[in-house]
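I opened the model to go through its confidence, a sheet, the cores and a few single elements. My entries follow in the order in which I looked things up.

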Amino acid sequence: MRKPFAVAMAAIIVGLSGCGAAPNDVNLGITIPASLAARSQRVAYSGAPPVIPHARQSGKCIRCHNDVGARTPGIGSGLAPANPHLQTPGMSDQSRCRQCHVFSQTPENFRDNAFVGLKLPTHGDQAFKGAPPVIPHHQFMRENCRSCHAGEAARPEIRCTHSERARCVQCHVKQSGNEGLDLADVK
Amino acid sequence: MLSCTPGSTPTQVSRAEVEGLTWSKAPCRFCGTGCGVEVGVEDGKVLAVRGDEASPVNRGLLCVKGYHLPGILYGKDRLTSPLRRKADGRGWEKISWDDALDLIAEKFQETLDSDGPEAVSMYGSGQWTVFDGYAATKWFRGGLKSNNLEPNARLCMASAVMGFMTQFQSDEPMGCYEDFEAGDDFIMWGNNMAEMHPVLFSRILENQRKNPSVRIIDIATRWTDTSEYADAFLQMQPGSDLALANGILHLIIENGKVDEAFVNENVVFKRGIEDLNEIGYGCFGDQAESYKFKDVAKDSSLEELKTFLADYTPDKVSELTGLSEDQIHMLADIYGDPNRGTVSLWCMGVNQHVRGTWMNNLINDLHLITGKISRPGNNPLSLTGQPSACGTAREVGTLSNRLPADMLVTVPEHREKAEKIWGLEPGTIPEKPGYHTVDLFRALARGDVKTMWIQVTNPWVSLPNLTRFERKPGDGRFIVVSDIYPTPTTEIADLVLPSAAWVEREGVFGNTERRTQQWNKAVEPPGEAKEDAWQIIEVAKRMGMGDLFNYSEDNWHEEMFEEYRQFGLGIGKDLASYEQLKQERGLRWPVVDGKETPYRYAAGYDPYVTKSEGVHFYKAKKFGEKAALWLRPYHPPAEVPDDEYPYWMSTGRVLEHWHTGSMTRRVKELHQAVPAAYVEVNRADADRLGVETGTKVNVISRRGTLTLPAVVDGRGQPPIGSLFIPFFDEAKLANVLTLDAMDCISKEPDYKKCAVRLEKA
């Protein structure tokens, strides 16, 4: 029963320091096509590896998808998000991206498929208005929050207003059930 | 657990990823790696998967196929009811399960009565769960008294089985996945691990990042994604790996790198039949209908090995292989270095080989002669392509000559043990092995086999030299096919049964490193689909063989598993209890006192080894509990390019598709990534023919013609005079071109080497 208290305290501290949920009206003077809907198109379900939305480029993926992201004029949206996996155990800047991320050569399907994947979360729950949202998704392979939540390539609706603060998980905590599978629960 | 109560305002549509989902464990449905997957289910549907962070296999990572597992269940053309071909041969009619099962029982009985047990057959796969394979082998051998039971694993890893059996008298590797962290040098013998076993390859890459002295050596006939990451790419002539391995052995001896203490204590030498004319290739002349060559072992010695290897000097091996002498020396130095861990890895390049067992023997020999075996970071490790090729085809023993736990139908004591566990009258199990896969389909084509039941596999895409197996309904045969989607194999069937897939049923798979993994049913199968084991048991009941499956209705999986488990207890093949498997992310056998074994035959790891250090090949009773090092020569491939057919042609997989594509092609992301087959052509050949990527070309072999778009400078790049075609595309059947030449011992076909012509279409 101590955790709700801790969450509430953290929220108060964050609230006092002027931070809160990301507003939707951040204007960086650049159009971001990677909206929630566009992103949903690229993943089979929330947590699936996105298909590569741009044409094949020469050189290694991490040249642009590095630890901070890059401007990539003329390629895709013009902004390459940072690599979210650099802190993932077992992964590094030498990992093989195309093991999971593939190009698309055709919009056609072989046969129709009725699969409906888990939807991307729209937001994290808050204890009250102004409280830091809990993290509404699994974090494994997404340890680098900045990849999606900070910088120019972040979707406006999930872009953090305070990305200068180094340690996100100090205030944003996991939502219950986002831990790995516990076999003791499996009957 | 966090118990914070969310305070969402009514206008917010909160949808956390996990909310409302139930997660359970399962191994991946695709390759033999056996990645742990968490399956997320809501309202009876699989909505998502995650790599299981706690799985010791994949530690949370998956490959693109694994991440797209949910989609394989929801193709709109899933088979949902039994379908019988209409009397006029055109189209299908739905029938009830009762009618379908009665019909199968009637047809099997009819054939038994008219032509005997050698005319009925069942063809399954390394995707059968342990339950499916166990039900099949018990029904066939104990009920129908027929050994005509085969898995498609004969096309896949039979050569690895025979390699391990001829040398250690026990199937399955001694090493395990910890070797990916413990090893220093990783030698790829003709396998494209980056695409075929990507999650395991990522473990090697991570080892290399942490330990920059780690090397990846890619011995290959074609530049692949694996080559991009390799420290050395050694391009060899197709089939010359036999000469290369002998050349390495030659130099190890010459350089004084034999571990004599190890060899004296643990190794015996054997030699088999080597006459090319006597052995043949299983597809020419009087072998074209039936291939029965049997090797005969005689004793040999280290001295004889030295004489035998005199021919394999670096200059001669260089000429045969195309490698430079320096490259051959480099490999000999790697294998001969006692201070660096060496792991040999191989898959279909070595196994689908007219001398695949020999090649397996030679790789194992390299580890035996240097004593680099059964130690962390030092092992030969054969990689498998199907999720339960090991657990079912090999361990349950669904090959036509095998019984559970490495036993053979030809050995009276083995049959007796099986009959005892199965509660059968002595003498029930026939001693004559059934047909091996290629001969089985040849017999079906001839009409010697009349009735066949095919489950979880697609032979009318995957058999070599496919056109010789063409089949028309109404030809006096009766073919039943159980599958989850329509395929070219269901197309030729007389009766099609809808099967439950993956987590639509309870199951057990066994992976490459001897890890047995259990999962529970997570969702209902669609329509009337049923699991394969249930289908078999129901037919057996209708044939009066229900006593074989006298289990309770609500706990039959566990009861069947515990019965199967009796075969391996106390003989080094001990599986964990079903109860324990439910609670673990798989365990590697032998499991004794609840503890798994990472390294077999190794003191300190294997509970069957009582000595305090070193190794003990305790399963090899025939060799005085030592391992056999086989002298095996170089033989040329069955068909080599000539003036009329000047190109080598090889087939294989791509990362995105699994085998014949019947599952992965139905997943949007995977299909869109690689929508159709193509032929990889070297830039120089393409320029000479005026061909670019996308140009239609005809690939012509002595057996068939295939029209495909060319790919030049693509992901894979064959050398000049060599082509590669992936086999996943049912509209572009690579196997109309391939030859049905086989390994002389395992009878596994060689899909990697035949001669073709290339023309602009």
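In what order do the three strands of the open sheet in chain B stand? I found S1-S2-S3, with antiparallel pairing; strands here are DSSP E runs of at least two residues and helices are H or I runs of at least four, both numbered from the N terminus, and two strands pair if DSSP finds at least two bridges between them. Strand S1 (22-27) and strand S3 (45-51) of chain B are at the edges with a single partner strand each, so one side of each has no neighbour in the sheet. From one strand to the next the twist averages 30 degrees, taken between N-to-C directions on a scale from 0 to 180 degrees, with axes as lines fitted to C-alpha atoms.

I then checked the pairing of S1(B) with strand S2 (residues 36-42) of chain B, which is antiparallel over six bridges. B:Ser24 has B:Val39 in S2(B) as its bridge partner.

**Basis.** I note that this is a predicted model, in which local features need pLDDT of at least 70 and side-chain atom pairs count only at pLDDT 80 or more, while totals for chains, interfaces and linings use all residues. Residues are numbered from 1 along each chain as its sequence is written, chains are lettered from A and ligands numbered from 1 in the order in which they are written, and side-chain values use heavy atoms, without hydrogens and water.

**Confidence.** I looked up pLDDT (the predictor's confidence in each residue, from 0 to 100) for chain A: it averages 77, and 76% of the residues score at least 70. Residues 1-34 of chain A have a pLDDT below 50, yet I see 49 contacts (heavy atoms within 4.5 Å) for this stretch beyond near neighbours in sequence. Where pLDDT is low, predicted coordinates should not be read in detail.

**Cores.** I looked for nonpolar cores (sets of buried Ala, Val, Leu, Ile, Met, Phe, Trp, Tyr and Cys joined through side-chain atoms within 4.5 Å). The largest has 84 residues, of which B:Trp189, B:Leu305 and B:Ile369 touch the most other members. Helix H9 (residues 241-254) of chain B gives the most to this core, nine residues. Another core, of 60 residues, lies apart from it and includes B:Phe140 and B:Tyr551.

**B:Phe441.** I placed B:Phe441 in helix H19 (residues 437-446) of chain B. B:Phe441 is buried, at a relative accessible area of 1%; buried means under 20%, exposed over 50% and partly exposed in between, with a 1.4 Å probe and protein chains only. Beyond four places in sequence, its contacts include B:Tyr123, B:Trp460 and B:Phe469.
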